[in-house]
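Look through the sequence and the model below before reading on.

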Amino acid sequence: MGLDPYGQPPAPDPGSTACSRSLAACLLIRPAMEDLYQFIEGSDSLVIFANAEARIIELIGDPEARTRLEPLGMRVGTLWDEEQQGANALALALQESFPIQLEGAMHYRAALHALYTAAAPVHDPLGQAVGVLAVAGPCERSHAHTLGMVAAAAQVISGQLQMQVWLGNANELLAELKIILQSLPEGILLLRRDGVISQMNGPAGTLLGLVPARVMGRRLRDVLPLPALLQQALACQQPLNEEEIVFETTRGRVTCLCSLKPIALTAGEPEPALGRLTVGGASGGPLISDGFVLILRSIERVQKLVNRMTGARARLTFANVVGRSAPLQEALRLARLASHSNSTVLLHGETGVGKEIFAQSIHNNSPRADGPFVAINCAAIPRELINTELFGYEGGSFTGADRQGRSGKFEQAHGGTLFLDEIGDMPLDLQTTLLRAIETRTIVRIGGQRVIPVDVRIIAATHKDLREEVRRGTFRSDLYYRLNVLSIHIPSLRERLEDLPLLVEHFLQRQSRTLGRSFGITPEALALMERYSWPGNVRELENLLERLTYLARSDTITVQDLPPEIRQAAETEPASTATSSVEELSLMEQSNHDQAGGNGWQAEPVMPGLHPLRERNRSTEASAILQALEHCHGHPGAAARLLGISRTTLWRKMVRYGLRPTPRASSFLASGPSEALP
């Protein structure tokens, strides 16, 4: 390489005085070098550490020795690789990755012939050389044991580096485990074999009313009264699986689903390494517990999860209620007022009017909207089961009961709304229990003794006249008055026939989206549907339109597509009606005709007879339309504005009452209901 053995040593690099990045902790080097120097102090020797490229980064020694050896290159920053210094122990130990000692003329440079150098490499946990530890001094001070001493010190540094990496990994793993522990929604406690709390996350502290930082290192039984079941499981080292346990905390009684998992190891083994521990038991040999993992789940959170998975959520709002009629708007007004209170609501209406839509809308418009909405039909559950459905039962209460028991609808609706549909069909002997639960806001499970507080808002619904049921003795009066705090009557479809076109349009649009087709209906078919009594209310209308969209001959529903009961009801209506109102209508038309000077309205004569009140209302509506048309000189748009209805509604009612235009543009004649407008 052309290196002059009598040349001057290379100059040190002033910028290379820091530890190499490959060396994890320079603080480990200095203590080891000081320990080594204690054995060679006073021997005119130096303790040297060079990095992986053989550049000196640390040096300890007697002041006189440092002064004497610095001209030979023994200073911080000097490079001692073989290309710069020739053969020396530092360079050869790094190259061979093995301890080595050179004396006198074994060195290539003549200036080093009076010295000895003993060096040993320092390895990282992966076995790579990250530096070299060396001792240099006068050749006469050399000893055969010097190399062994240096090699031992280098091995200590390598072990400390490996331990530091292990500790760093363990600290990172511990930090990750703590983050995971704190991020879990369940309460987690790690207990040692003697019951001392080694770890506790925030949710566990919140559930038990404890501060984790204050109780870690203390026995669990010293900071919290242990329930008998949990205390027995800890003493017997037996696991628990989702057991319902009540803790007496400083914040009151807290019910949790508790799971206890022993950290087990095989009996007779020494204390195992962390990787050999198993949670919950292991196969082969008797097991002893080295600790426990206690998992706590809030019963309220479990109930919310169950309600979400089982669909116990309210999906409908007031926006889903279709209609503009005055009776419906009044019911909506009362329902919106009721939604802002926590009082019991009683919904009354015929079957199929949409009582559950109102109940869900009240819930979603209330402060309890984020809570569960649990519905139960009191008429659909057998009498023997309704008690357990409402209040739940403890394990083993009766034959076939779950061992762990089951919560009832009251508990499932905690923090939300319980909808009792068809409350009028509830058995009389269960009404007392229901009344007590509503008044005290507490329940007791079947077969249990524990009083469970429940925060539930009650919405009841019925199609029966509860006052009449009270008079008959089939419904308790005290329960009726407790339910009848906010009473809302939901009108039947017969009471709001003006909403029928909106409902038909709404259901047809929904079927159009479902089937990918555009459905419509003729005015004649719509007029016939308005004359039907609709005993099944909105539910009957919805089911009818769904059936017609599948069976209709075209995308437009006509009179021929309607079922016979609707067509027959419309055909028998004129024969069953009397003409007293029509005669009044004819007299009114004649008067209007006289006042308008011939620009009047005419109706076909019908047979005289009595006329029901419903037909009188129809006759009054028809006369109002005739008067409006007469006043507006036959202009339908102006007449519609005068009546406060849309032009489409006016045309529909004209078809309904058989009004058709006369040869003059401003005159109309009353015709049969089957005639259509031009």
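Helices (H or I, at least four residues) and strands (E, at least two) are DSSP runs, numbered from the N terminus. Two strands pair if DSSP finds at least two bridges between them. In the hairpin of β6 and β7, four residues lie between the strands, and Gly-195 has a positive phi near 85°. Strand β6 covers residues 187–192 and strand β7 covers residues 197–200; they pair in the antiparallel sense over three bridges. Across this pairing, Leu-190 stands opposite Gln-199 in β7.

The model is predicted: local features need pLDDT of at least 70, side-chain atom pairs count only at pLDDT 80 or more, and totals for chains, interfaces and linings use all residues. Residues are numbered from 1 along each chain as its sequence is written, and side-chain values use heavy atoms, with hydrogens and water left out.

The protein as a whole has 25 helices and 23 strands. Of its 678 residues, 46% are buried, where buried means under 20% relative accessible area, exposed over 50%, and partly exposed in between (1.4 Å probe, protein chains only). Contact means heavy atoms within 4.5 Å. Among contacts between residues at least 6 apart in sequence, 63% join residues at least 24 apart.

Now turn to a sheet. Five strands form an open sheet in the order β2-β1-β5-β4-β3, with antiparallel pairing. Strands β2 (56–61) and β3 (100–103) are at the edges, each with a single partner strand, so one side of each has no neighbour in the sheet. The twist averages 15° from one strand to the next; here axes are lines fitted to C-alpha atoms, for helices over the stretch in contact, and angles run from 0 to 180 degrees between N-to-C directions. Strand β1 (residues 46–51) is joined to β2 by five bridges, and Ile-48 stands opposite Leu-59 in β2. Helix α1 (residues 29–40) packs on the sheet, where it touches β1, β2 and β5 (129–138), and its direction makes about 35° with that of β2. Helix α5 (residues 144–183) lies across β3, β4 (115–123) and β5, at about 25° to β4.

Next come the cores. A nonpolar core is a set of buried Ala, Val, Leu, Ile, Met, Phe, Trp, Tyr and Cys residues joined through side-chain atoms within 4.5 Å. The largest has 30 residues, and Phe-410, Leu-418, Leu-420 and Ile-423 have the most contacts inside it. Elements that each supply at least two residues of this core include β13 (373–377), α13 (383–391), β14 (417–421) and α15 (428–440). Helix α15 gives the most, with five residues. Apart from this core lies another, of 26 residues, among them Leu-220, Ile-245, Phe-247 and Val-254.

Residues in the contact include Ile-386 and Phe-391 of α13 and Leu-430 and Leu-434 of α15. The buried residues of α13 are Ile-386, Thr-388, Leu-390 and Phe-391. After α13 comes Gly-392, whose phi is positive, near 75°.
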